[in-house]
Amino acid sequence: EAPADAQAAAWQTLWDGPCSDPCGRGTRALQVRCVEDFVEVGEEHCASPAPEGVAPCAVTCLHVDPAEGNDGHAGTLERPLRTVAACTARGVDLGAELLPAASPMAAHQLRCLLRAGVYREEAGRPLAGADHVQIEPLGDGAVIIDGTDEVDLTFSPHAAHGAAVLVSSPLPPGTTRPKLVVGGAALQCANESAVIDGTHLPKRGWATHGVPCFLWDTEAAWSEPFAAEDAVRFFERGEAKDAAWRVERRVPKIWFSEASRVVYFRSDGEPPPLVQVKNESRADLLDVGAGANRVFVRGLHFYGAACCGAGPVTMHNSHDLRLERNRFLYAPVSGV
């Protein structure tokens with residue numbers, strides 16, 4: 001007996017290229033395939049005739065500028081919007097339809113064209129029921145979706161090490177290493193939930209005499225590991241260790257004590273670093289839910305943020321969701 005949610009054989013169409021007019025009306029090539037219970041099968045299983053391999057298309061382009069835009073504007077090149085949320089709010093909402101056989105391939109597509117800059121006001125706008133939405137940069141400049149907040153801290157000389165090590169005022173309660181970025185780098189330690197990269201999963205005791213930590217920065221995927229115990233001894237306990245010991249033990253330039261919620265910075269004469277905390281209310285650019293079809297996000301840079309929420313709980317009523325050529329740095333603990 002077939003499962004209650006099994007899908008009978010039916011034709012399915014997928015976009016196979018852009019609209020011939022990128023910001024107007026034209027035609028678009030389609031992929032046509034016969035699908036039964038979400039698996040492609042031979043064409044003989046679907047009723048004739050097959051859909052045509054081309055369809056009319058219509059595209060609305062809206063411009064977004066995080067610096068000069070205003071969400072009350074029309075979204076034209078001269079009067080751009082300010083946020084991606086305002087752009088996606090003007091998309092086609094088809095509700096929670098099933099696989100969009102009932103949704104005409106000619107339905108309007110919305111293109112949100114993002115000017116280069118840093119976007120700090122995105123708060124995971126829900127996209128349940130959204131259809132035909134494409135979000136991409138306008139031009140070659142970097143579009144950065146920033147999910148962090150700068151923290152205003154006061155730094156003072158260390159009680160034991162003096163001005164060689166600066167100590168911050170306490171960060172807000174609940175701040176943990178996975179939420180923190182200091183001077184453009186992040187600390188991650190073994191057995192913390194922030195360590196989610198299966199390729200570089202740290203191993204207890206590897207090249208250290210205790211639980212290893214990693215200082216991630218923008219120059220390299222990860223640096224040499226160091227022992228958490230060594231960082232605690234030098235920074236938190238203030239044990240006087242000479243330069244040779246610090247080099248041998250690879251004591252990092254920054255350390256964060258989760259117990260006292262302070263940042264330690266081995267300054268070497270440099271000014272205090274910028275400290276940022278990931279804002280949970282801006283953890284995602286979008287929140288793609290049920291009934292979301294043909295949502296494409298391309299070419300964006302995510303800093304301390306992720307893209308699209310947890311996604312649909314079932315693919316039975318969502319179709320053709322794509323992330324292409326995006327970059328993620330210091331994503332939230334929940335992943336990208």
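**Close-up 1. Pro49 sits in a loop between two strands.** The loop holding Pro49 runs between strand 3 (39-41) and strand 4 (54-64). Strands here are DSSP runs of E with at least two residues, numbered from the N terminus. The bond to look at is the one joining Ser48 and Pro49: a cis peptide bond, with omega at about 0 degrees. Most peptide bonds are trans.

A quick note for every view: this is a predicted model, where local features need pLDDT of at least 70 and side-chain atom pairs count only at pLDDT 80 or more, while totals for chains, interfaces and linings use all residues. Residues are numbered from 1 along each chain as its sequence is written, and side-chain values use heavy atoms, with hydrogens and water left out.

**Close-up 2. Phe226 and Trp255 make an aromatic pair.** Searching the whole structure turns up five aromatic pairs. Rings of Phe, Tyr and Trp (its six-membered ring) pair if their centres lie within 6.5 Å; planes under 30 degrees apart count as stacked, over 60 as edge-to-face and the rest as tilted. With ring centres 6.1 Å apart and planes at 75 degrees, Phe226 and Trp255 are edge-to-face. Phe226 comes from strand 17 (residues 226-227) and Trp255 from strand 18 (residues 254-257), so this pair links distant parts of the chain, 29 residues apart. Phe226 is buried at 2% relative accessibility, and Trp255 is buried at 2% too. (Buried means under 20% relative accessible area, exposed over 50%, partly exposed in between, using a 1.4 Å probe and protein chains only.)

**Close-up 3. Phe302 and Phe328 stack.** Here the ring centres are 4.7 Å apart and the planes sit at 10 degrees, so Phe302 and Phe328 count as stacked. Phe302 is buried at 2% relative accessibility, whereas Phe328 is partly exposed at 29%.

**Close-up 4. Three rings form a cluster.** Phe234, Phe235 and Tyr264 are joined into a cluster by ring pairs.

Close-up 5. Most residues other than glycine have a negative phi. Arg261 isn't glycine, yet its phi is positive, near 60 degrees. You'll find Arg261 in the loop between strand 18 and strand 19 (262-266), partly exposed at 24% relative accessibility. Tyr330, also not a glycine, has a positive phi of about 60 degrees. Look for Tyr330 in the segment after strand 25, where it is buried with a relative accessible area of 8%.

Key:
Helices (H or I, at least four residues) and strands (E, at least two) are DSSP runs, numbered from the N terminus.
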